[in-house]
Amino acid sequence: MRRLIYFVLAFVIWILLTWPFVEGKIDGQVVIAGFIASAFVSIMFHEILPKEHHIFVSPVRIFWFLVYMPVFFYYVVMANLDVVYRALHPKMPIKPGIVKIKTTLKTESAITALANSITLTPGTLTVDLTDDGFLYIHWIYVKSDDVEQATKHIAQRFEWFLKKIFE
Amino acid sequence: MIDIIGYILIIIGILFDIFGCIGLVRFPDVYNRLQASTKCVTLGTFLLLIGVALVCGWSALSMKAIICAVFILITSPTAAHAIAKGAYASGVELWENSVVDKYAEEIDHH
C-alpha cells in the first residue's frame, strides 16, 4: 500500500516533468522509463520516505491542507514585509535571541512541517529540535523568553492546522 | 492579461530577492542573516517561478517551473535549519546585543 502510494506520487512527478505539452501526445518510451524509475524509487527507498503515507489518500486531511495553504501564504508574505521593514529601517529594530518552545505534535512529518512553517513566518527561524518535543527558535525580535509565552506567540497558530492534517 | 500578472509577479519576486540581499548585508550575525535570506529569497524565487509559469502558459516549461517552486518552498527552510545548527555547532557566536540564548543550556547539558 505504502509503496503503491509513493509509486503513484513519483510517477505523477515524472509525467509532469516530461509531459510534451507542445505536441499534445504522450511518448511511450518516456512513460516506460518513468514506470521503471518510479518502481525502483518506491521499492528501494520507501523506508526513508515519510511514514505517514495515509495522508496522501485521506480527503479530510487534503481538505485541511488546502485550507492551510492560504493561511500559510498570508504569514509568509507578512514575514517578508517584516524582514524588509527591519532590513531597510535606518536604526534596524532588532532584538535577537534563541528561545525555547514546546510543541504538542508527535509525528515526524508534523514536526517537520511545523519547523518549516516557523522558519518561513514572521521573525522566527528553527535552529534545532529535541526528542522530547522542544524546539529552539532564533527570534529576531524577542517578545518573551518564557517557554509558555513564546509557544503562544510562535507555534500555536500552526499547531491547530497541522494536527488536523498530520495527526 | 495573464501575461501582465505574470510579469508583475516576476517584478515583485525580484524586489523581494533584492531586499533579502540588503538584509543579508546589513544584519549583524549569521542567524539574523539567515532570517533575511531564507524568508525573502524563498518567497522571491517562488513568485518568480510562478510568474514564469503564468507567462509561458500551458507548456512543459511552466510545469517544471511549478515543480521547482514547490521544491524550493520545502527545501529552503530545511537548508536554513541545517546551516543554523551547523553554525552553532561550529561555535559561531550570537550578536553581542542578543537578549537571550536558551540553546547554550541545551549544548551544556550534553
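**Where chains A and B meet**

Between chain A and chain B there are 13 residue pairs in polar contact, with both residues at pLDDT 80 or more; a polar contact here is a pair of N or O atoms within 3.5 Å, where within protein one must be able to donate a hydrogen and the other to accept it, and residues adjacent in sequence count only if both atoms are side-chain atoms. Keep in mind that this is a predicted model, where local features need pLDDT of at least 70, side-chain atom pairs count only at pLDDT 80 or more, and totals for chains, interfaces and linings use all residues. Residues are numbered from 1 along each chain as its sequence is written, chains are lettered from A in the order in which they are written, and side-chain values use heavy atoms, with hydrogens and water left out.

Taken as a whole, 47 residues of chain A are in contact with 42 residues of chain B, contact meaning heavy atoms within 4.5 Å. About 3900 Å² is buried between the two chains, 73% of it from carbon and sulfur atoms; that is the accessible area (1.4 Å probe) lost on putting the two parts together, summed over both.

Now for the charges. The whole structure has 2 salt bridges over all chains, each a side-chain nitrogen of Lys or Arg within 4 Å of a carboxyl oxygen of Asp or Glu. Arg86(A) pairs with Asp82(A), the closest N and O atoms being 3.2 Å apart. Both sit in helix H3 of chain A, 4 residues apart, about one turn of the helix, and both are buried (under 20% relative accessible area; exposed is over 50%, partly exposed in between, with a 1.4 Å probe and protein chains only).

The interface has 1 salt bridge: Asp128(A) with Lys85(B), closest N and O atoms 3.4 Å apart. Asp128(A) counts as buried because its relative accessibility is 13%, whereas Lys85(B), at 39%, is partly exposed.

Methods. Helices (H or I, at least four residues) and strands (E, at least two) are DSSP runs, numbered from the N terminus.
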